[in-house]
Amino acid sequence: MYYGFDIGGSKIALGVFDKARRLQWEKRVATPKESYEAFLQAVEELVEEADQRFGCQGSVGIGIPGMPETEDGTLYAANVPAASGRRLRADLSERLGRDVRLDNDANCFALSEAWDDEFTQYPLVMGMILGTGVGGGLVLNGKSITGHRYITGEFGHIRLPVDALEVVGAIFRLRAAAAASWAALKTTFPDAASPGCMNIFTNML
């Protein structure tokens, strides 16, 4: 079985898939904000529950915002402060007793879409995530393109023109993440997040 984690600033989501990549079970919990130990424990408990449910030790893959691993194995993820600056992959591998794969969440998303039957005909696929921040990924010929500093496709860090200030009322040198994240859209367009309001923003989730 394959255990796929989608970790963000607000939630840790687990999806369990069989060898045919069919979803068998899923569960989500809130992301611990401050305690690294609580963060590790949350992931560990989900893995243990999945192991017990399916009677096997599944393979673990994690998508998380930011730079997943530097040369010394350190994760940098501004939207997941409890784990940022930590050797997350190594710590989880030791704790779970198995190898853990770790990558940027937007890269994982873009790669997943690029491998979908609908998109295999396209050599270049772009994926964008609107969540606590804005993440992006690029896939060329079925392979993720990360760049030298692992920032290729991270559209959330693009500076917007000054006239964007008139629209979102944000700070100077505004980044796309500050204006286009789901949190920002709810603030700028409050009606879009009102209960029962079906529009382009709510349909994105």
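Buried means under 20% relative accessible area, exposed over 50%, and partly exposed in between, with a 1.4 Å probe and protein chains only. The model is predicted: local features need pLDDT of at least 70, side-chain atom pairs count only at pLDDT 80 or more, and totals for chains, interfaces and linings use all residues. Residues are numbered from 1 along each chain as its sequence is written, and side-chain values use heavy atoms, with hydrogens and water left out.

**View A. Glutamate 44 in helix 1.** Helix 1 covers residues 36–54; helices (H or I, at least four residues) and strands (E, at least two) are DSSP runs, numbered from the N terminus. Glutamate 44 has a relative accessible area of 16%, so this residue is buried. Apart from neighbours within four places in sequence, glutamate 44 is in contact (heavy atoms within 4.5 Å) with Arg95 and Leu96. The C-alpha atoms of glutamate 44 and leucine 96 are 6.7 Å apart, while the two residues are 52 residues apart in sequence.

**View B. Strand 7 and its pairing with strand 6.** Strand 7 spans residues 134–140 and is mostly covered, with five of its seven residues buried. Two strands pair if DSSP finds at least two bridges between them. Strand 6 (residues 124–130) runs antiparallel to strand 7, and seven bridges join them. Methionine 128 faces glycine 136 of strand 7 across this pairing.

**View C. The hairpin of strands 7 and 8.** Strand 8 (residues 143–145) is antiparallel to strand 7 and joined to it by three bridges. Lysine 143 in strand 8 stands opposite leucine 140. Two residues lie between the strands of this hairpin, and asparagine 141 in the turn has a positive phi of about 55°.

**View D. An aromatic pair.** Rings of Phe, Tyr and Trp (its six-membered ring) pair if their centres lie within 6.5 Å; planes under 30 degrees apart count as stacked, over 60 as edge-to-face and the rest as tilted. The count by this rule is one aromatic pair. The ring centres of phenylalanine 119 and tyrosine 122 are 6.3 Å apart and the planes stand at 45°, so the pair is tilted. Phenylalanine 119 is partly exposed at 29% relative accessibility, and tyrosine 122 is partly exposed at 45%.
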